[in-house]
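Welcome! Here is a short tour of a structure that may be new to you. Take a look at it first, and then we will walk through a few of its features together.

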Amino acid sequence: MDVVNAGHLNRKGMAGTNLNAKEGTMRLRFWVAGPALVLLEGFLGGAALAAEECQAKSTSMDDIVVALNAAPGCERAMKQFEACAYGASGDVQFGEVVEKKCEADFIGQLQPPQKLSYQRELRVCDQKYRSKSGTMYISATAFCRAEVAQRYSQRALKAGRAGR
């Protein structure tokens, strides 16, 4: 192996390299990226702390359904759904519990046109991932449907507070 510039060794004893320039660049990158990573970690850490933990006794489907049913209202049920989700087809059962809990806030108040809109939005969720394969898409459909019900619940509760 030929060594280029053999007469010029850097402080590591390597020929033909200029590590001083490279080291300076690496130090600069560290000082720029380091604080950015610390800030990012702070933001993500705060978000992680704000995330709710699954309140079910175990990860069994029955225990999660019990926890979802025990949630005091639509918002808390949705947070529990997010915390306890499998990310697979088992989430359909959890989503149905959340849908029913959220629907309790608004379904009786909907006029026929609003009920049709609600059903149409649920059908959009059903169609959205229909051509995809894999159980994670079944989970995504369950979440989509639960989010639609949650939005309708939020609107109904907001309208109820505004009417008082």
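Is glutamate 99 buried or exposed? Glutamate 99 is buried, because its relative accessible area is 5% (buried means under 20% relative accessible area, exposed over 50%, partly exposed in between, with a 1.4 Å probe and protein chains only).

## About the model

This is a predicted model, where local features need pLDDT of at least 70, side-chain atom pairs count only at pLDDT 80 or more, and totals for chains, interfaces and linings use all residues. Residues are numbered from 1 along each chain as its sequence is written, and side-chain values use heavy atoms, leaving out hydrogens and water.

## Helix 4

Helices here are DSSP runs (H or I, at least four residues), numbered from the N terminus. Among the buried residues of helix 4 are Phe94, Val97, Val98 and Glu99.

## Salt bridges

The structure holds five salt bridges (a side-chain nitrogen of Lys or Arg within 4 Å of a carboxyl oxygen of Asp or Glu). In one of them, arginine 145 pairs with glutamate 99, with the closest N and O atoms 3.0 Å apart. Arginine 145 sits in helix 6 (residues 135–162) and glutamate 99 in helix 4, so the pair ties together parts 46 residues apart in sequence.

Glutamate 52 and arginine 76 also meet in a salt bridge, at 3.1 Å from N to O. Glutamate 52 is in the loop between helix 1 (19–50) and helix 2 (61–70), and arginine 76 is in helix 3 (residues 74–84). Glutamate 52 counts as partly exposed at 23% relative accessibility, and arginine 76 is partly exposed at 40%.

How values were computed
Helices (H or I, at least four residues) and strands (E, at least two) are DSSP runs, numbered from the N terminus.
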